[in-house]
Amino acid sequence: MQVAILCGGKSSRMQSEKGLVLYQNKPFIEHIIDAVLPISRNIQLITNANDYDYLPYRKIKDIVTEKGPLGGIYTALVHSESEMNLLLSCDIPLISTEILLELIEKHNANFDVSVFEDANRIHPLIGIYKRTILPVIKKAIENNDLKMMHLLSKVPHQLIPIPEEKRNLFQNINSVAELNELNTH
């Protein structure tokens with residue numbers, strides 16, 4: 001299975017490259033890679049920055065820039081040789097191998113996308129995406145329709161419920177305040 005980590009760009013709220021923010025003295029991206037490695041060594045980083053060059057994985061620049069996560073997913077799928085792709089954002093340092101295996105195990109092949117949901121929200125940037133949705137993504141980018149929820153509404157997708165006790169593993173760390181809160185736990 002191909003794994004792509006969407007490293008995005010400079011975060012205005014974090015004031016730095018999000019994937020390189022430290023949690024427990026280790027960059028977010030390394031926590032995510034540690035969770036992925038037991039599943040697949042076929043990892044690519046979608047990034048326009050050179051900040052990740054120290055990592056021994058393939059780096060791919062966005063095909064279409066300034067299109068947010070949808071642009072990153074498009075780039076990942078275009079450059080994938082795998083039908084099934086595990087796509088992750090770079091701001092989820094608490095993600096675990098166990099959760100990722102659960103996603104893979106519960107993925108139903110009849111769906112083009114499988115993502116988690118909890119009582120409050122859907123988590124589109126921890127998911128399995130099939131390459132077959134490339135035309136839908138391309139059209140969305142051309143129309144500048146970049147909302148992830150719009151994409152999900154246009155493709156057969158599966159929502160996998162997250163047990164309440166595992167919700168914290170999906171926490172996106174988007175600001176210095178959220179990072180400080182995470183580091184105090």
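**Exercise 1. What share of the chain's contacts with a separation of 6 or more comes from residues 24 or more positions apart?**

Step 1. A contact here means heavy atoms within 4.5 Å. Among contacts with a separation of 6 or more, residues 24 or more positions apart supply 67%.

Step 2. Residues are numbered from 1 along each chain as its sequence is written, and side-chain values use heavy atoms, with hydrogens and water left out.

Step 3. Check the confidence, pLDDT, which is the predictor's confidence in each residue, from 0 to 100. The chain averages 91, and 95% of the residues score at least 70. Confidence is lowest in strand 2 (residues 10-11), at a mean of 54, and highest in helix 4, at 98. Where pLDDT is low, the predicted coordinates should not be read in detail.

**Exercise 2. Describe the overall build of the chain.**

Step 1. Count the elements: the chain has 6 helices and 11 strands. These are DSSP runs numbered from the N terminus, helices being H or I with at least four residues and strands E with at least two.

Step 2. Compare the radius of gyration, taken over C-alpha atoms, with the globule rule of 2.2 Å times the number of residues to the power 0.38. For 185 residues a compact globule would come near 16 Å, and the chain's 15 Å agrees with that.

Step 3. Look at burial, where buried means under 20% relative accessible area, exposed over 50%, and partly exposed in between (1.4 Å probe, protein chains only). Of the 185 residues, 51% count as buried.

**Exercise 3. Which residues touch the most other members of the largest nonpolar core?**

Step 1. A nonpolar core is a set of buried Ala, Val, Leu, Ile, Met, Phe, Trp, Tyr and Cys residues joined through side-chain atoms within 4.5 Å.

Step 2. The largest one has 35 residues, and Ile 5, Leu 45 and Leu 88 touch the most other members. Helix 1 gives the largest share of this core, 6 residues.

Step 3. Turn to helix 1 itself (28-36). It is largely enclosed by the rest of the structure, because 7 of its 9 residues are buried. Among them are Phe 28, His 31 and Val 36.

Step 4. Take Leu 88 as an example: beyond four places in sequence, its partners include Ile 5, Ile 32, Val 36 and Leu 125. Apart from this core lies another, of 23 residues, among them Ile 60, Ile 73, Ile 141 and Leu 151.

**Exercise 4. Is Ile 73 buried or exposed, and what does Ile 73 contact?**

Step 1. Find Ile 73 in helix 2 (residues 68-78). Ile 73 is buried, at a relative accessible area of 0%.

Step 2. Leaving aside neighbours within four places in sequence, Ile 73 contacts Leu 6, Leu 87, Leu 125, Tyr 129, Ile 137 and Met 148.

**Exercise 5. Which residues of helix 4 are buried, and which are exposed on the other side?**

Step 1. In helix 4 (residues 134-142), Leu 134, Ile 137, Ala 140 and Ile 141 are buried. They cover an arc of only 125 degrees around the axis, which puts them on the same side of helix 4. The arc is that of the directions from the helix axis to the C-beta atoms.

Step 2. Recall that an α-helix has 3.6 residues a turn, so residues three or four places apart point the same way.

Step 3. On the other side of helix 4, Pro 135, Lys 139 and Glu 142 are exposed. The cover over the buried residues of helix 4 includes helix 2 and helix 5 (148-154).

Technical notes
Predicted model: local features only at pLDDT ≥ 70, side-chain atom pairs only at ≥ 80, totals over all residues.
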